[in-house]
Amino acid sequence: MNPLGITLTLVVFYLFSELHARKRAFYTNPVLLSIITIAVILRWFGIPYGSYMDSAVILKFLLGPAVVSLAVPVYKGRETIKAYAKEITLGIAVGGTVAILSAFYIAELLGGSEEVLLSIAPKSVTTAIAIGISEKIGGIPALTAVLVILTGIMGNALGPELLGLARVRDRIARGLAMGVSSHGLGTARIILEDELAGAVSGLAMALNGVFTSLLLPYLIEVLK
Amino acid sequence: MRPYRGLAIIFGFYALGEFASFALNLTIPGSVLGMLFLLAALLTGAIRLEWVEGEAELFVRNMSVMFVPPGVGIVTYIGLIKSQAVPIFVALILSFLVTLVVTAKTVELLRRGEE
């Protein structure tokens, strides 16, 4: 194992995080910019992905304990979950299911291959969980990772405006819709406009991750 | 040496989740099971919040850098994305819109019913 891949990742991510801290906009998303930059660098120097990943794999491994750590924000939000139990339960059950089915069926209708359908189905769930689901159901985790981030960017860039167009004013409805449709990046945006909506969005993101990882593998058996 | 307690708990629950997922042949990822186990332990008081809080928040706050290496794997699939650009991107955009609006409207209806 050589230290170059992980160093490259940390340097590139650090630089784009600095940029993002200065110019907070959806198009300065450090994850997407880092992925594109490193992909271009590997291509330029003719470095195979495998030898980059040999070294960067340690960062990917940390996704496991990071997902386990999500138990803490959920535990700390237990009073909010109790207060809005009905909205959260129904919002996730309906929204989480719609997210899977709409992605799967639209891609299928337009001629997507099976591995594409399996990779796109978990796209509304937080990246770490989506990668885990994709691995388990036979999707392409790398494709899932990129599609999840693009989904998050849409929510971050346009979510509140679209909810405005749909005349949704209720804070709980707005927060839940952002968390269920566009996970962490959606939550990061809605929390700027309303703290309660942001808290609900963050909880919806984590709980929708659990809901989707329970439902999706069984749903896929039926859909395939 | 406080951080080691928190890290040991988090990695321990991750190991437990992976083990359960493998042993019971479940399709749910081990990390998600580990989260549910840790949540249950916090709720029952078996694990105290202050034992894990700092370390867990460090992981959650710094999660995004961990998406970069798996995301870079996309270089291996450029051909696939080019050949299936229409199904991929149309499904991505429409599914996002439908999910956002349907979730919001569902919750809004529920809240109006209550008033």
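A residue is called buried when its relative accessible area is under 20%, exposed when that area is over 50%, and partly exposed in between, with a 1.4 Å probe and protein chains only. This is a predicted model, in which local features need pLDDT of at least 70 and side-chain atom pairs count only at pLDDT 80 or more, while totals for chains, interfaces and linings use all residues. Residues are numbered from 1 along each chain as its sequence is written, chains are lettered from A and ligands numbered from 1 in the order in which they are written, and side-chain values use heavy atoms, with hydrogens and water left out.

**Annotated spans of chain A**

- An unreviewed UniProt entry places the feature "transmembrane region" at several spans of chain A, among them residues 31-50 and 57-76; such positions follow the numbering used here, feature names are shortened, and annotations may be inferred rather than shown by experiment.
- In residues 31-50 of chain A, the end C-alpha atoms lie 20 Å apart, and the span is 80% helix and 0% strand.
- In residues 57-76 of chain A, the end C-alpha atoms lie 31 Å apart, and the span is 90% helix and 0% strand.

**A buried serine**

- Ser55(A) belongs to helix α3 (residues 49-61) of chain A, where helices (H or I, at least four residues) and strands (E, at least two) are DSSP runs numbered from the N terminus.
- Ser55(A) has a relative accessible area of 0%, and therefore counts as buried.
- A polar atom of the side chain of Ser55(A) lies 2.9 Å from the backbone nitrogen of Ile6(A).

**Salt bridges**

- Side chains of opposite charge can pair when their charged atoms come close.
- A salt bridge is a side-chain nitrogen of Lys or Arg within 4 Å of a carboxyl oxygen of Asp or Glu, and a search of the whole structure finds 13 of them over all chains.
- Glu135(A) and Lys60(A) form a salt bridge through their side chains, at 3.0 Å from N to O; this pair links distant parts of the chain, 75 residues apart, with Glu135(A) in helix α9 (residues 127-137) and Lys60(A) in helix α3 of chain A.
- Glu135(A) is partly exposed at 44% relative accessible area, and Lys60(A) is partly exposed at 25%.
- Glu108(B) forms a salt bridge with Lys105(B), with the closest N and O atoms 3.6 Å apart; because the two residues are three residues apart in helix α6 (residues 85-114) of chain B, about one helical turn separates them.
- Glu108(B) is buried at 8% relative accessibility, whereas Lys105(B) is partly exposed at 31%.

Key
Polar contact = N/O pair within 3.5 Å; in protein donor to acceptor, adjacent residues only side chain to side chain.
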